[in-house]
Amino acid sequence: MAAQSNAWLISQQGAQVQFRYLISKDCTSVGRGPDNDVVLQGPENATVSVHHFEIRRHDDGFRIRDLDSTNGTFLNGERIAEAELRAPALIRMGAHGPELTFDFSAKITAARLEETQAIPEGIVPPPAAGPYEGLLSGAVEQSRRARAHGFADQTMTIMRDALNRALRHTGRRFRLVILALVTLLVVVSAAAAWRITQLNHEKQGIDRRIQDVEARLRQAQNPIEANLLSTQLGTYEE
């Protein structure tokens, strides 16, 4: 029973985030929802349901139960609703989804333990890091260092500073977008004004030609000339 008290859920090698989770509770839940004990998020966990499966500890060992997940829970390659969980075991969320290994620490190699990070409060794999994710992860790391040196009360100050920096970045970003839109609007308006001026000039020229043809038509000496002028007038009017 001593070994069972050190049961772990371990991410598969090659996963975006390498972690191990100590199963220390009577019931451990896994899924995408933030209220789970082990939280799996990010693009590589698309087949994971909000509440996917749970592991329950009982007197004789552990049991695993699917929580009506959309893509199913697979234990050692077989889809299950509920089953006895015996180490070592491979748990997969969805037919081709992410996998977790269930095992006892006595059977886990030292190298595998070293390459994973113990997460006592679950794991949230971040998506591809952008400028805001970088600010957040930096603030989290700074908070951890502060707590390690006995300055636990600095967490809110550090996170507030990170938020202010993120808002400043966002403000600059929106200003750049607005400036680009205003510039585009000015260019389009200038082009439209130039085109309208050109069309007005063309219209004035056509009006003068129509007036000239009408004057010549009134003075036409024969039907043939009148017919030609009428055709020309119709073309200008079109």
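**Salt bridges and nonpolar core of the predicted model**

Arg-63 is partly exposed at 30% relative accessibility (partly exposed lies between buried, under 20% relative accessible area, and exposed, over 50%; 1.4 Å probe, protein chains only). The structure is a predicted model in which local features need pLDDT of at least 70 and side-chain atom pairs count only at pLDDT 80 or more, while totals for chains, interfaces and linings use all residues. Residues are numbered from 1 along each chain as its sequence is written, and side-chain values use heavy atoms, with hydrogens and water left out.

Arg-63 forms a salt bridge with Glu-84, with the closest N and O atoms 2.9 Å apart (salt bridge: a side-chain nitrogen of Lys or Arg within 4 Å of a carboxyl oxygen of Asp or Glu). This pair joins distant parts of the chain, Arg-63 in strand S6 and Glu-84 in strand S9, 21 residues apart (strands are DSSP runs of E, at least two residues, numbered from the N terminus). Glu-84 is likewise partly exposed, at 29%.

The whole structure contains 7 salt bridges. Among them, Glu-54 pairs with Arg-56 at a closest N and O separation of 2.9 Å; Glu-54 is buried at 7% relative accessibility, whereas Arg-56 is partly exposed at 43%. Glu-54, Arg-56 and Arg-65 are linked in a salt-bridge network.

The largest nonpolar core comprises 23 residues, of which Leu-9, Ile-55, Ile-64, Leu-85, Ile-91 and Phe-102 touch the most other members (nonpolar core: buried Ala, Val, Leu, Ile, Met, Phe, Trp, Tyr and Cys residues joined through side-chain atoms within 4.5 Å). Elements giving two or more residues to this core include strands S1 (7–11), S6 (61–66) and S11 (99–104).

Conventions
Helices (H or I, at least four residues) and strands (E, at least two) are DSSP runs, numbered from the N terminus.
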